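Please read them with the sequence and the coordinates open beside you.

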Amino acid sequence: MAIRCGYEPGVVGRVGELHGRYYAKAWGAGAPFEILATRDMCAFMEGYDPARDLMLGAYAGERLVGSVAILGRKQSPDGAQLRFFIVDPHWHGRGLGKALLDRALAWCRERGVGRVFLWTVDGLPASRRLYEKAGFRIVERVPDARYTVPRESLKMVLELAAGGH
């Protein structure tokens, strides 16, 4: 297992595929969700600036089995955005998600990012536990029907300047 930084061929499509397959199984999301995730990934990589953005891929050989990104070039009042965090279900429970999240947050700290936020959906307890253990807290709940199946989206924020984990 290797975690590598930056663009590698296949990362855009594979991140979309991982999201599409996982969320179809988790709660019945269909093509609209996979298309949305892949479009967002395309837009991220089109504007990717390695000085201000982070793309991490976890690879088993040459196969991408997990990812996380930090969109730092467009910081909002909520800080940098954590996105595209996904781990292939065959790799769940092996610490890969924690390793990816830890590396992404360390990258933010090294660059003096004071705050990181993310959007997730309610009903993913393992993901939520991972975020909360890292110090993220829910600051907003929004009904969201973009994902084929109506869900409640959760905005979570981590204050790094305040000594987040």
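1. Basis of the note. This is a predicted model, in which local features need pLDDT of at least 70 and side-chain atom pairs count only at pLDDT 80 or more, while totals for chains, interfaces and linings use all residues. Residues are numbered from 1 along each chain as its sequence is written, and side-chain values use heavy atoms, with hydrogens and water left out.

2. Packing of α1 and α2. Helix α1 (residues 11–27) packs with helix α2 (residues 31–46) at an angle of about 155 degrees, and their axes are 8 Å apart; helices (H or I, at least four residues) and strands (E, at least two) are DSSP runs numbered from the N terminus. Axes here are lines fitted to C-alpha atoms, for helices over the stretch in contact, and angles run from 0 to 180 degrees between N-to-C directions. That angle makes α1 roughly antiparallel to α2, on a scale where under 35 degrees is roughly parallel, over 145 roughly antiparallel, 65 to 115 roughly perpendicular and the rest oblique. The crossing of α1 and α2 is right-handed, a label used if the near helix is turned clockwise from the far one by less than a right angle, with left-handed used if anticlockwise.

3. The residues between α1 and α2. On the α1 side the contact (heavy atoms within 4.5 Å) is made by Val-11, Val-12, Val-15, Gly-16, Glu-17, His-19, Gly-20 and Tyr-23, and on the α2 side by Phe-33, Glu-34, Ala-37, Thr-38, Met-41, Cys-42 and Met-45. By class, the residues of the contact of α1 with α2 are nine nonpolar, four polar and two charged, where Ala, Val, Leu, Ile, Met, Phe, Trp, Tyr, Cys and Pro count as nonpolar, Asp, Glu, Lys and Arg as charged, and the others, Gly among them, as polar.

4. His-19, in helix α1, is buried, with a relative accessible area of 8%; buried means under 20%, exposed over 50% and partly exposed in between, with a 1.4 Å probe and protein chains only. Leaving aside neighbours within four places in sequence, His-19 is in contact with Phe-33, Ala-37, Phe-84, Phe-85 and Ile-86. Ala-37 belongs to helix α2 and is also buried, at a relative accessible area of 10%; not counting residues up to four places away in sequence, Ala-37 touches His-19 and Phe-84. Phe-84 lies in strand β4, is buried at 7% relative accessible area, and deserves a look at its backbone, since it has a positive phi of about 55 degrees although it is not a glycine.

5. The largest nonpolar core. A nonpolar core is a set of buried Ala, Val, Leu, Ile, Met, Phe, Trp, Tyr and Cys residues joined through side-chain atoms within 4.5 Å. The largest has 26 residues, of which Ile-70, Leu-82, Leu-100, Leu-101, Val-116 and Phe-136 touch the most other members. At least two residues of this core come from each of β2 (54–60), β3 (63–76), β4 (79–87), α3 (96–110), β5 (115–121), α4 (125–134) and β7 (151–159), and α3 gives the most, with seven residues. Not counting residues up to four places away in sequence, Phe-136 touches Leu-101, Leu-105, Val-116, Phe-117, Leu-118, Tyr-131, Met-156, Val-157 and Leu-158. A second, separate core of 21 residues includes Val-12, Ala-29, Met-55 and Leu-124.

6. Packing of α3 and α4. The axes of α3 and α4 come within 11 Å and cross at roughly 40 degrees, which makes α3 oblique to α4. The contact involves Gly-97, Lys-98, Leu-101 and Leu-105 of α3 together with Leu-130, Tyr-131 and Ala-134 of α4, and by class it has five nonpolar, one polar and one charged residues.

7. Not counting residues up to four places away in sequence, Glu-152 touches Thr-120, Val-121, Asp-122, Arg-141, Val-142 and Pro-143.
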